[in-house]
Protein chains: 2
Amino acid sequence: MPGGRPRAFDIDAALDLALEVFWRNGYDGTSVAELTAAMGITKPSLYAAFGNKEELFTAVLARYVEGPGAYAAAALDAPTAREVIERLVLGAVDLTAECPGCLTVRAVHAAGPEAAPVREAAVARRKAGETALRRRLERASDLPDGTDAAVLAALVHTVTDGIAVQAAAGRGRKELLRIAEQALTYFASSSSATLNTTDLAVSTGKAESPKNPLS
Amino acid sequence: MPGGRPRAFDIDAALDLALEVFWRNGYDGTSVAELTAAMGITKPSLYAAFGNKEELFTAVLARYVEGPGAYAAAALDAPTAREVIERLVLGAVDLTAECPGCLTVRAVHAAGPEAAPVREAAVARRKAGETALRRRLERASDLPDGTDAAVLAALVHTVTDGIAVQAAAGRGRKELLRIAEQALTYFASSSSATLNTTDLAVSTGKAESPKNPLS
DNA sequence: ATAGTAATGTACCGATGGGTATACAACTGG
DNA sequence: CCAGTTGTATACCCATCGGTACATTACTAT
């Protein structure tokens, strides 16, 4: 029954353009004027279609995980835990090398009380991804017995976050790749060398751990 | 010759107060009004003493590395590479757990052309720290032969960056510590298990891409 | 045709951003 | 006491911020 003037732009295409801007400049580093310029629409159109800047960002975030971030979900389908981790880490390099920085890493750093919903949305997305990884690792058969899947998932996440920061700090793709490979070498060496009884290395079985020498 | 009215506040104390604000909100998330409020001075005093917001930030950055960030330089004095790395990683936990996020990580994400000098200053500081670590690792005797000190230094830096992001994303100190310990376990296991190049860990050269499906 | 609806373009809103002009207050050397 | 100098306080500058009012345009249903 409803008529009305038809929208003169494609919602998803506009979201992709907005994504690019948010990706490069972060949430609070992006102005609505920049968004409308990039999207090729006017402010009233933006507000009519997406509500406001914050809602637009959460829509962009959803498109991000289904688009550029889809590799992460796909990585979980790899046959072994090691390959899952490898795909995640190398995928992080590809993702952040092409356009420095990671949308959720930037979003987590959004400042100010008015950006709180944005931070929370980003944290929720990150948590969901990490939980999925943890579940996948729990089902894995190629990890040493006693491996704490939650901690390992968090560590992998930490490494990919670090890669994103390194990319944002100007590190080029080649360097990022070497860092990623080095990290994977460490992961793999532990994974295959469970019996590699080194003096202090193998606390793998226990959550008990090295002591903290710092305050 | 020169007289003049004496400054009514202490420069270093003011810098510390500014540091706290920048730390919590990042460079472009912090307004001059917030700064003056926190520092207990007026805008003209701030501009007279520090030049402008950007110069104030670089001064704060210098104080950061000599203050809260001093643990990083001190860590290099540890007797072994392993202990150096341990101190750096655990130090990152302490640093970022108390006040979520890392000043330089945030600064690297500062947006806009006018923040370019800030980004560059942060990148320079980070690079200097990493170079110092690399030099220290080159002198170490407890690393496997053939270890690439530059890559290892970059990886450690990547992990500490990741920890900062995790802290900013709301991870608590206890969790951060477990992640850090897990990372150290991997480092240690390889450190004794020389060049444990496992079969597959390296799909290396391939730029096989998750690829960005969006325009 | 005409009524109803929804998107568009222009032009604007108050609030806040970084930064400053100007007048005054507090110190120094003569 | 006075000139020179330098920090402080009030009050203001313009640009930009996120968000909107309003009149207009383009469509559907009757």
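Is Asp28(B) buried, exposed or partly exposed, and why? In this predicted model, Asp28(B) is classed as partly exposed because its relative accessibility is 40%, a value that falls between the limits of 20% for buried and 50% for exposed. The residue sits in chain B, in the loop that links helix H1 (11-25) to helix H2 (32-39). Asp28(B) also belongs to a negative surface patch, whose other members are Glu114(B), Asp28(A) and Glu114(A).

**Chain A**

The secondary structure of chain A consists of 10 helices and zero strands; read from the N terminus, the order of elements is α-α-α-α-α-α-α-α-α-α. Chain A has 215 residues, and 50% of them count as buried. Its accessible surface is about 9,800 Å², with 52% belonging to carbon and sulfur atoms. Where contacts in chain A join residues at least 6 apart in sequence, 65% of them link residues at least 24 apart.

**Val65(A)**

Val65(A) is found in helix H4 (residues 53-66) of chain A. When neighbours within four places in sequence are left aside, Val65(A) is in contact with Ala70(A) and Arg125(A). Between Val65(A) and Arg126(A) the C-alpha to C-alpha distance is 9.9 Å, while 61 residues separate the two in sequence.

The table sets out the accessibility of two residues.

| Residue | Relative accessibility and class |
|---|---|
| Asp28(B) | Asp28(B): 40%, partly exposed |
| Val65(A) | Val65(A): 30%, partly exposed |

Notes: Residues are numbered from 1 along each chain as its sequence is written. Chains are lettered from A and ligands numbered from 1 in the order in which they are written. This is a predicted model: local features need pLDDT of at least 70, side-chain atom pairs count only at pLDDT 80 or more; totals for chains, interfaces and linings use all residues. Side-chain values use heavy atoms; hydrogens and water are left out. Patches are made of residues with over 30% relative accessible area and no salt bridge: like charges are joined within 9 Å, nonpolar side chains (Val, Leu, Ile, Met, Phe, Trp, Tyr) within 5 Å. Accessible areas come from the Shrake-Rupley method with a 1.4 Å probe; for residues, only the protein chains shown count as cover. A salt bridge is a side-chain nitrogen of Lys or Arg within 4 Å of a carboxyl oxygen of Asp or Glu. Lys and Arg count as positive and Asp and Glu as negative; His and the chain ends are not counted. The place of a charge is taken as NZ of Lys, CZ of Arg, CG of Asp or CD of Glu. Helices (H or I, at least four residues) and strands (E, at least two) are DSSP runs, numbered from the N terminus. Buried means under 20% relative accessible area, exposed over 50%, partly exposed in between (1.4 Å probe, protein chains only). Contact means heavy atoms within 4.5 Å.
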